[in-house]
Amino acid sequence: DAFLSSYWENSRGGDNLWSVVWLYNRTGDESLLPLAEKIHRNTADWTKSTQLPNWHNVNVAQCFREPATYFLFTKDSAMLAASYNVQSLVRRAFGQVPGGMFGADENARIGFFDPRQGTETCGFVEQMASDEIMLLISGDPYWADHLEDVAFNSYPASLMPDYRALRYLTCPNMAISDSRNHHPGLDNSGPFLAMNPFSSRCCQHNHGFGWPYYVEHLVLATPDNGVAAVLYNSCKANVKVGDGTEITLREQTNYPFEEMTRFTVGTSENVSFPFYLRIPSWCKNASVLINGKKQQTKLAPGTYACIEREWKDGDEVVLNLPMEYAVRQWQVNKNSVSVDYGPLTLSLKIEEEYKQMPSTETAVWDSKWQEGADASAWPTFEILPASPWNYALRVQSPITLQRRNWPSDNNPFTLSSVPMEFKAQGRLVPEWKIDEYGLCGVLPYENARKSDCLDEITLVPMGTARLRISAFPMAER
């Protein structure tokens, strides 16, 4: 009865359960099965239809997958459905915002669901890991779509480009990133909007795992001895397929900043196997070329395309995923709108003024610097707005894409290096200001007065913008 009894252990027992899955799959040791049952029995109950054990943002992102993991042992479909339910429940209540996450700050609170509420960097990484595990368990391409939403739009903006400092909380609408205490506007008391290398140790332990987790799930084996490209990024994968033949699959792409992904098969002998390609749910006109010849198969959004043939060395598959604009409206948040371009959500480009600060001054109680450490090598940065941010978006106006050169350092997630910008039109909303807590004010009501002047504004992919407006009031004219 003491097993997994404390708050954090009790919430997060599913991580232990996933380790049991890993070990059992490799050893077949049946003594692990009672351990799995014990872990599930002593873990918080994430299976209730309308309530959660707690509403801590990282716990929700990390723990909702526990019932689905237990499904692997019981084959009880209710366990799998329970994980889907938590994913939906928290987003219906607090997730009516772009970027794939939900406004929980530390803990979700009634009334605090505006897009100026944020999620911990830990929460982004754990949600990405959960999406990957749910994809492995279910095969459902929904989880790959959702992973991309978080990975491309929410996670990168929580980090400095060199990964040496991060922000504890990052929000879809974020007009200031300073070191003030913004409680109770945020459910945290501390300097949690600054880019700090050492302000809160949980996120420092976690932030470096986000991209490695992502990379190791790009290419997966399938039960029919094939291979599936479920996430798209440049890589080389060594895979056993068909009768056990080992092949090399090389993937070349700048996705999600371009539409084409090229695969090249390397094999010492001809081999037959199915090759699956995920067609994202947002893509209506995907196409596939094999050795330069376009395939006539209908590629439905939100499914896998299967190419089953005998493959030879040097065979090439080109997947084209044409990107289009789409507008989402968030009824719960005053009918605000966000704009997507393929898997990328677009944000207002706000000029960013960086102010360097001593990191020792903003380290909180559990994150003090080690004696003798050179804190000057790990500075904190405040980011202040150097251009207007309080714009309503005129959705009737056309949005035009302007492409730029691919960055030499291969990091497209900064304002200075992003390879695409978008021109749109908007009107200033004078009453939308920094509020009494020093935060980006909550969204103005739809009938709030807007400037008579229609301005050209620049939009950028959400993940590149450390300051951003991603859910806009709507300008009707």
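**Reading contacts and rings**

Trainee: Which residues does Asp187 touch, not counting residues up to four places away in sequence?

Mentor: Contact means heavy atoms within 4.5 Å. Asp187 touches Asp105, Glu106, Asn107 and Arg109. This is a predicted model, where local features need pLDDT of at least 70 and side-chain atom pairs pLDDT 80 or more, while totals for chains, interfaces and linings use all residues. Residues are numbered from 1 along each chain as its sequence is written, and side-chain values use heavy atoms, with hydrogens and water left out.

Trainee: Where is Asp187 found?

Mentor: Asp187 is in the loop between strand 3 (169-170) and strand 4 (195-196). Helices (H or I, at least four residues) and strands (E, at least two) are DSSP runs, numbered from the N terminus.

Trainee: Which side chain makes a polar contact with the side chain of Asp187?

Mentor: A polar contact is a pair of N or O atoms within 3.5 Å; within protein, one must be able to donate a hydrogen and the other to accept it, and residues adjacent in sequence count only if both atoms are side-chain atoms. For Asp187, the partner is the side chain of Asn107, at 3.2 Å.

Trainee: Is Asp131 buried or exposed?

Mentor: Buried means under 20% relative accessible area, exposed over 50%, partly exposed in between (1.4 Å probe, protein chains only). Asp131 has 1% relative accessibility and counts as buried. Its place is in helix 7 (residues 121-138). Leaving aside neighbours within four places in sequence, Asp131 is in contact with Phe64, Gln87, Trp143, His146 and Leu147. A polar atom of the Asp131 side chain lies 3.3 Å from the backbone nitrogen of Leu147. The C-alpha atoms of Asp131 and Glu148 are separated by 9.4 Å, with the two residues 17 apart along the chain.

Trainee: How many aromatic pairs does a search of the whole structure find?

Mentor: Rings of Phe, Tyr and Trp (its six-membered ring) pair if their centres lie within 6.5 Å; planes under 30 degrees apart are stacked, over 60 edge-to-face, the rest tilted. The search finds 25 aromatic pairs. In one of them, the ring centres of Tyr7 and Trp8 are 4.7 Å apart and the planes stand at 70°, so this pair is edge-to-face. Tyr7, at 40% relative accessibility, is partly exposed, and Trp8, at 43%, is also partly exposed.

Trainee: Why is the pair of Phe257 and Trp406 edge-to-face?

Mentor: Their planes are at 65°, with centres 6.1 Å apart, so the pair is edge-to-face. Phe257 lies in the loop between strand 8 (245-253) and strand 9 (260-266), and Trp406 in the loop between strand 21 (400-403) and strand 22 (420-428), so the pair ties together parts 149 residues apart in sequence. Phe257 is buried, at 3% relative accessibility, whereas Trp406 is partly exposed, at 30%.
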